[in-house]
Amino acid sequence: MIPDLGGNEDVDVLNDEDHEISLDSNEFMQFVDYGDKPLYPGCTKSTKMNGLVQTFNLKAKHGLSDSCYTDILILFHTLLPDGNEVPGSVNLAKKTLSTLGMKYEKIDACPNDCILYIDLNVDAKKCPSCNASRWKLAKDGSEKVGVPAKTLWYFPPIPRFRRMFQSTVSAKELTWHARGRKKDGMMRHPADSPTSKMVDTNWTDFGIEPRNLRLALSLDGFNPYGSVSSKYSCWPVILITYNLPPWLCMKRKYMMLTLLISGPKQPGNDIDVFLQPLVDDLKVLWDGVKRVYDSVKGEYFKLKAVLLWTINDFPAYGNLSGCVVKGYNACPICVDQTKPYWLKHLKKLVFLRNRRQLPRHHPYRKQASAFDNTIEKDVAPTPLTGEETFARVKGLPIASGKGNPPAPYTGPPENRPCWKKKSVFYELDYWKFLPVRHNLDVMHIEKNCCDAILGTLLNIPGKTKDGVAARLDMVDMGIHTDLKPTTSVHERKIWKTKQGLRYTPDQIDEVRAE
């Protein structure tokens, strides 16, 4: 008996899905064929795909132009025996490499980071928000039509996730977190974290399938030109797959580049505009991608994925979360209970209430002279949950671009708002329920603390924190008054009279000898 499919509309949907699966399978079989085909008849050292990948890596490493790469391919085709598989142009090479599933999209963007020229704005020539031209401007002010002022490179992750499960090695490793992880209550892997366990508990249909992906997002800016131009800032966005064992998940081959935001200026708080295509794909992955082939079990399944958190330095933390990371409410945990202290001589805000995090009867709470000349009696503020944070930001505007910046705050500094915008990640249905949504990477914290400590101990110029202004501020606070600088009325100079926290020259020599 033939089941009722519900009309011609459902039949068309099934036919479209089967057509898509067929195309994906054909591409994969073509990739297998290229991977097995020898570079030339009788060659046993390299295949067509291997040779192209290696030469393309050299092209990227040394910055070869397309025309130069084409000439090299033609030379190889001439030197190798007849019947070789070397393509005759860079376009043919790219067509062959496209079977790897590494296709990308070049998306034009507003130079003021207002919009991406997609969807309704795909044919626009000017930004509807700030009226800036879509095209790059020449020195005489004329438009270079066809040359975008700013570009976003987007590498869709879904085809690459499909390809990972088509490899028996990768597909097996993607279930390690469920079958190979030691489960004794200790935290050795992100799968042991409360966030991952909460996802398994709250969304049981997600947790029972070990092939569903648990992801993290990391981004930071860098200057691709080294010391040539210190003002250029390019921002890669990378996805990390936590299904893999710890010795693989942070390897370069499994760190997935999804976005590359071109410069010359950093996107700042408007980074949400560039993250939108990735967030749209993350929403699709949360609903489920049908008919993903698992080469280990030899079956199709519905693949889902969840973004557990982001990993970044503190300025990028503010850009992604929308919270304020400098000024009176700079602590994203304490928010409006941060209570900073203004240093009159250094002219900066510092945050000295860290002893609130200690147990109630800890001896450090009463050691006033060793800290800020106060006895700490307050308890630590309770961090806001994701739902409480969402309740505070849901009425805030989203990123609007540098062409239309929000009105500056003009009220009292102590009442300055704790958030600047509503983060684009709240479009994910599960985001507000996650206990930890943004993480600070350890590298930056270690580096900054190490620089400050060693710079002070070794009295490194430009790195030491033991300056005249710092000593004057300590005197004003009533601590370490014996380090008060001496003032000369006639010469109008201030100098430090005691060693303070620095090493002596003999101690510095001992450190260098070690």
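This is a predicted model: local features need pLDDT of at least 70, side-chain atom pairs count only at pLDDT 80 or more; totals for chains, interfaces and linings use all residues.
Q: Is Asp 113 buried or exposed?
A: A residue counts as buried when its relative accessible area is under 20%. The value for Asp 113 is 1%, so this residue is buried.

Q: How does Lys 402 count by its relative accessibility: buried, exposed or partly exposed?
A: Because Lys 402 has a relative accessibility of 37%, it counts as partly exposed.

Q: How many residues apart in sequence are the parts that Lys 421 and Asp 272 tie together?
A: The side chains of Lys 421 and Asp 272 meet in a salt bridge of 3.2 Å, N to O. Lys 421 belongs to the loop between H13 and S13, whereas Asp 272 belongs to helix H11 (residues 271–287). Lys 421 is buried at 4% relative accessibility, and Asp 272 is buried at 5%. The parts tied together by this pair are therefore separated in sequence by 149 residues.

Q: Which residue forms a salt bridge with Lys 48?
A: Lys 48 lies in helix H2 (residues 48–62), and its partner lies in the loop between helix H3 (66–79) and helix H4 (90–97), so the pair ties together parts 37 residues apart in sequence. The closest N and O atoms are 4.0 Å apart, and the partner is Glu 85.

Q: Which strands are the edge strands of the open sheet?
A: The sheet is formed by 7 strands in the order S1-S4-S7-S6-S5-S10-S13, with mixed pairing. Its twist averages 25 degrees from one strand to the next. An edge strand pairs on one side only, and the two that do so here are strand S1 (105–109) and strand S13 (438–440).

Q: What is the bridge partner of Asp 108 in S4?
A: S1 and strand S4 (residues 150–154) pair in the antiparallel sense over 5 bridges. Within this pairing, the partner of Asp 108 in S4 is Thr 151.

Technical notes: Residues are numbered from 1 along each chain as its sequence is written. Side-chain values use heavy atoms; hydrogens and water are left out. Two strands pair if DSSP finds at least two bridges between them. Helices (H or I, at least four residues) and strands (E, at least two) are DSSP runs, numbered from the N terminus. Axes are lines fitted to C-alpha atoms, for helices over the stretch in contact, and angles run from 0 to 180 degrees between N-to-C directions. Buried means under 20% relative accessible area, exposed over 50%, partly exposed in between (1.4 Å probe, protein chains only).
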